[in-house]
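Try each one before reading its solution.

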Amino acid sequence: MTEEAKSQRSFFSFLRMGLKNKLIAIVIGVGTVPLILAMIFSYVQGNKSLTQVIGASFQALAYETSTKIDLLMKEEIHEITHLTSHPTLVLWVTQQNKYLEQIPVSEIDQEIRKQSQAWNDRSSQPLSPIANRASQVLKGFLKTDPFASENTLALFITNTKGLLVSSVNFHPSYTNTQLTSWKKIMTGELKTYIGPLVRNKKTERFTFELAVPILNHEGQVAGVLHRIYIAKDFFINALETITFGETGHVMLIDSNGVVLTCPILPTGHQLADAELVKAVTVPSTAWAETQGDGHGSEDISIIGYSPLEKTSQYTLASTNQRWFTFAWQASDELFAPTESLLSWVLGAGLFSVFLIVIMGSLAANKIVRPIRQVQSAAQSIGRGDTVEPLDIKTGDEIESLAEEINTMSGLLQKTFSGLESQVEAKTQEVIYLKKYTDSILMSVPEVILIFNSELEIEYANAAFGHLTHWKSSEYLGHGLNDAPSEYREAWDLLTKELTKYQWGIERKPVQSADNTPYQAKDPLAPSGENSSKESQTTVTLGSQVFAYKFFDVVLEEEKGRRIGMIMKNITEEKRLLDQLTQADKLSGLGTLAAGIAHEMNNPLYSIMGFTEAIMEEKQISKIQSLAQKVLDRSKHMASVILNLSGYVRSNDKDGMKEVDVNERLEAATEMALMASYTDGIDLEKKFNPVSSIQAKPEEIQQVFLNIISNAVQAMEGKGKLTLSSEENNDFIVVHIQDTGPGIPPEYISKVFDPFFTTKQQGEGTGLGLNIVHRVVKQNGGDIKIESEPGEGTTFVISFPVNGK
């Protein structure tokens, strides 16, 4: 049996329990659940508080210990630094450097080998590193502190060549250029060096090094004083006395989790838990609750830790490591108070549950007896039997219930008698409303469709039947792609758009069945804030153009999503708007023709002059030169005429082509400037190589011409016009910027509305920018306006790259 089946069986068993047993169970549940929650809360809070107290204590202990060791290291650095200023040491190391300088370069290696061999043979001649005046000073320094002699493995001096000049014993090597301490101090990189923990090969003990420079009388580094400490012996007095409980203690580790000293773990031990090391080696004093304690246990443990702030400044510069103190106690000893608290809480809880069970049983007996009397009377009423009035005197809600049952018994028959007639009346009302709604929808001239979650037609009004010549029995339960094949492309397009709407995909302007995208808009609609952007996506069925829109249908009684679609015939509206567009183009022909006549006048005069010269000229070379000039002027005139014919030509005659945006922008600029009769425009072009777009060339040229003409008119023939183009993220972006007076903020949202113009009557139709907006949108592009009063205006037009 599955767990779910067992749960259901337990639930139904509870429902079949008698009222008395249920009341006892509820009393136990009501009494024990808060008790258990309170116990859990008390335990959790107590454990949390205890954990915080222990953590804070460990943190304070770790900080106190780190401060103590910091002071110890500070004192060591001070003493050894003070020792470097001893006159005997400074004089001796200076003399040794000069002695080496006097030896010829060719003999220096031989001298070093000789001295090294003598040192390796344990020679104790008067001038050997262990028997000179400087070594006596070093030995005297160690004798002043017996503890220093015990924890010092070596104390020696090296000169500028890394050679041993003085030592208290034979432990160091004669040549020490390989020492990191000598390199960093001699190069001036460090003034105090504290090395990492390393295992000494000779003694097999772990040591660390402290080194400082010896300066001569000129303040220059003349040598290095090295002191090698036995780590365990050096830190023993600072750490091993700090213990608490049976297992609690403080240990010292480095950033890599290597133990420098610990009462339990051996020096040099690598903590295996990398996560634990990462948690406790941060540059701040704190405590943490970790999984594992670094001493072999994987139990949860509380650890306090603190960096040696002063000492770590030296170790970080020397070895890129920090030193940390680490306060710890075994988990079983640490959490013993918590386990004791849990035992007391469990004992008190079990005793409380026992008392609740006894009290619940007594209370249930007193409550159940009158309820059973009410139950018996209710069963009799359900069977239609005559029921004697209940006589229950409990003085509570059960008594009130008995009185209500007595009243209900008398009124029940009266209520049943009028119920059937009310149900019949409501049923007839619902039927009438359904017929009324169906009649309204069937009378609407627009096509209305409702689709179910499978995108099958669930409802269609009469207009859909008239359009498709489909009967309701034929289209119900079918999709649009099953519609008559007469308009197959249109039905397939609508099916795709319906699927996108169902999945929440943003619908972009699409092309209708005749490959002519069209955005319909009511030109007489109020020009509200977003009026220029309200458009309907259209589809063509034969010679008719329909605007369509999807919407969600919400039925509270039924589950599952339904989608509605409305189709409105806008064929006449499209025809009128296309006529208005062509009329707007022709309205500017007068001004444009005059500008073109002016533009063509000069080349005509030139052609006439060059022709007369050709007739009189005898030399063939000059005749060819003059003929070439005639040809150039003729090409210029042909270009002007070609631009004019492209502007006037109706868009319906040409199909979609690959369009060079820079070429259309150049042609539109020439036409706009010719029509302006001015040479006061400072024109700046920043055309970048761009990909082609798929569009009608005349429409793209008309977009640029309308915007540039408005810019020239706004500047009143004087100002700067900047044109630029670039390709960015699969879009061609064109900027057209003027230095005119700008557009007032209250007009920004209206400039694309049809018939909106700020010009005087007769100077403009108000359709230019509406046509621009419509052409840009139907080609999948976008247009934005950036304008500040007095600062000029910038139009930003973007088109998708061909095929993107």
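**Exercise 1.** Leaving aside its neighbours within four places in sequence, which residues is isoleucine 708 in contact with?

A note before you start: this is a predicted model, where local features need pLDDT of at least 70 and side-chain atom pairs count only at pLDDT 80 or more, while totals for chains, interfaces and linings use all residues. Residues are numbered from 1 along each chain as its sequence is written, and side-chain values use heavy atoms, with hydrogens and water left out.

*Solution.* Contact means heavy atoms within 4.5 Å. With that cut-off, Ile708 touches Leu665, Ala668, Thr669, Ala672, Leu721, Leu723 and Ile736.

**Exercise 2.** Find the two rings that pair between strand 5 and helix 8, and classify the pair.

*Solution.* Step one: rings of Phe, Tyr and Trp (its six-membered ring) pair if their centres lie within 6.5 Å; planes under 30 degrees apart count as stacked, over 60 as edge-to-face and the rest as tilted. Step two: the centres of Phe208 and Phe235 are 5.7 Å apart and their planes are at 20°, so this pair is stacked.

**Exercise 3.** Classify the pair formed by Phe464 and Trp491.

*Solution.* Their ring centres are 6.2 Å apart with planes at 75°, so the pair is edge-to-face. Phe464 belongs to helix 14 and Trp491 to helix 16, 27 residues apart.

Key
Helix = DSSP H or I, 4+ residues; strand = E, 2+ residues; numbered from the N terminus.
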